[in-house]
Amino acid sequence: MLLVANWKAYVEDIKRAKELFSLGKRLVRGQRTTTVVLAPPSVLLGALALGNSSPILFAAQDISATTGGAQTGEVTAQVYAAAGAVYAIIGHSERRAAGDSNAVIAEKLAHALAHGLVPILCIGEKERDTEGRYLSFLREELTLAIKSLSPKERRKVIVAYEPEWAIEKTAALAIHADDLCEIVLYIRKVLAEFLPGKSSAHTLVLYGGSVEPANIRDLAASSGVDGFLIGHASIDPKTFSQLIKEIS
Ligand code: PGA
């Protein structure tokens with residue numbers, strides 16, 4: 001299982017960041033079933049990830065759509081890779097709300113891959129309807145993000161299904177395992193149109209949206225997901241420990 005802790009802008013000081021990192025290292029010691037990835041704000045990522053030799057890995061929360069040069073304030077894929085990031089979250093709904101279009105997201109995927117970062121592409125509908133329009137919406141987000149990549153690049157992309165209606169709520173309002181199971185199958189079906197042979201079966205599909213200690217085990221056991229993207233529950237030491245214990 002891949003467990004990605006998306007710290008968003010919740011963790012703002014180095015002391016707290018280091019405490020969570022140390023806790024993560026203690027929790028994964030001696031177990032091989034869960035890979036823990038931390039996604040701190042960029043400056044804190046640099047402070048924690050540079051020279052990191054622990055089993056904990058790091059993800060950028062986003063990368064620049066630019067490739068360097070005269071771009072004040074931008075943090076490029078190359079900089080994240082040099083700072084020790086292994087993954088890059090791309091297309092999170094909070095970045096889409098801040099203006100990232102599907103075209104920008106496709107560009108960011110290409111930049112991440114060009115610099116050796118594994119992209120975690122977020123897709124997710126704003127709301128559910130009874131006619132299944134949310135499925136076409138997911139298809140469109142996924143298709144527009146990956147269609148211009150080569151088959152080799154497409155194989156490297158991790159897909160995170162993050163329905164906006166479930167983000168920043170509570171476990172009781174998150175998706176149910178059987179509904180998630182349907183979505184995971186649907187995402188693999190769409191991916192199969194873009195990936196040769198059976199390789200879509202190997203794409204990692206994650207879920208994010210109010211994953212908490214109360215629902216992680218059920219979602220992990222019966223939905224077919226390969227891991228989780230976790231926001232608010234990953235920044236509290238107690239719930240972070242419970243999450244890792246529940247799925248390890
Ligand atoms: P949440 O956030 O776990 O707080 O719902 C998930 C995310 O936005 O990635």
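Mentor: Welcome! A pocket is an open set of points on a 1 Å grid over the protein atoms alone, where a 1.4 Å probe fits, with protein on both sides within 12 Å along at least five of seven lines. A volume is the space filled by probe spheres set on the points, which are joined across faces, edges and corners. The second largest pocket here has about 170 Å³, and the largest about 200 Å³.

Mentor: This is a predicted model, where local features need pLDDT of at least 70, side-chain atom pairs pLDDT 80 or more, and totals for chains, interfaces and linings use all residues. Residues are numbered from 1 along each chain as its sequence is written, and side-chain values use heavy atoms, without hydrogens and water.

Trainee: What makes a residue part of the lining of the second largest pocket, and which residues are they?

Mentor: A lining residue has an atom within 4 Å of a point. Asn6, Lys8, Ala9, Gln61, Asp62, Ile89, His92, Glu94 and Arg95 line this pocket. The largest pocket has 14 lining residues, with Ser42, Asp62, Ile63, Val75 and Tyr80 nearest its centre.

Trainee: Why is α1 called oblique to α2?

Mentor: The axes (lines fitted to C-alpha atoms over the stretch in contact) of α1, residues 14-28, and α2, residues 42-49, come within 10 Å and cross at roughly 50 degrees. Angles under 35 degrees are roughly parallel, over 145 roughly antiparallel, 65 to 115 roughly perpendicular and the rest oblique, so α1 is oblique to α2.

Trainee: Which residues make the contact?

Mentor: With heavy atoms within 4.5 Å as the test, Ile14, Ala17, Lys18 and Phe21 of α1 meet Leu44, Ala47 and Leu48 of α2.

Technical notes: Axes fitted to C-alpha atoms, helices over the stretch in contact; angles between N-to-C directions. Helix = DSSP H or I, 4+ residues; strand = E, 2+ residues; numbered from the N terminus.
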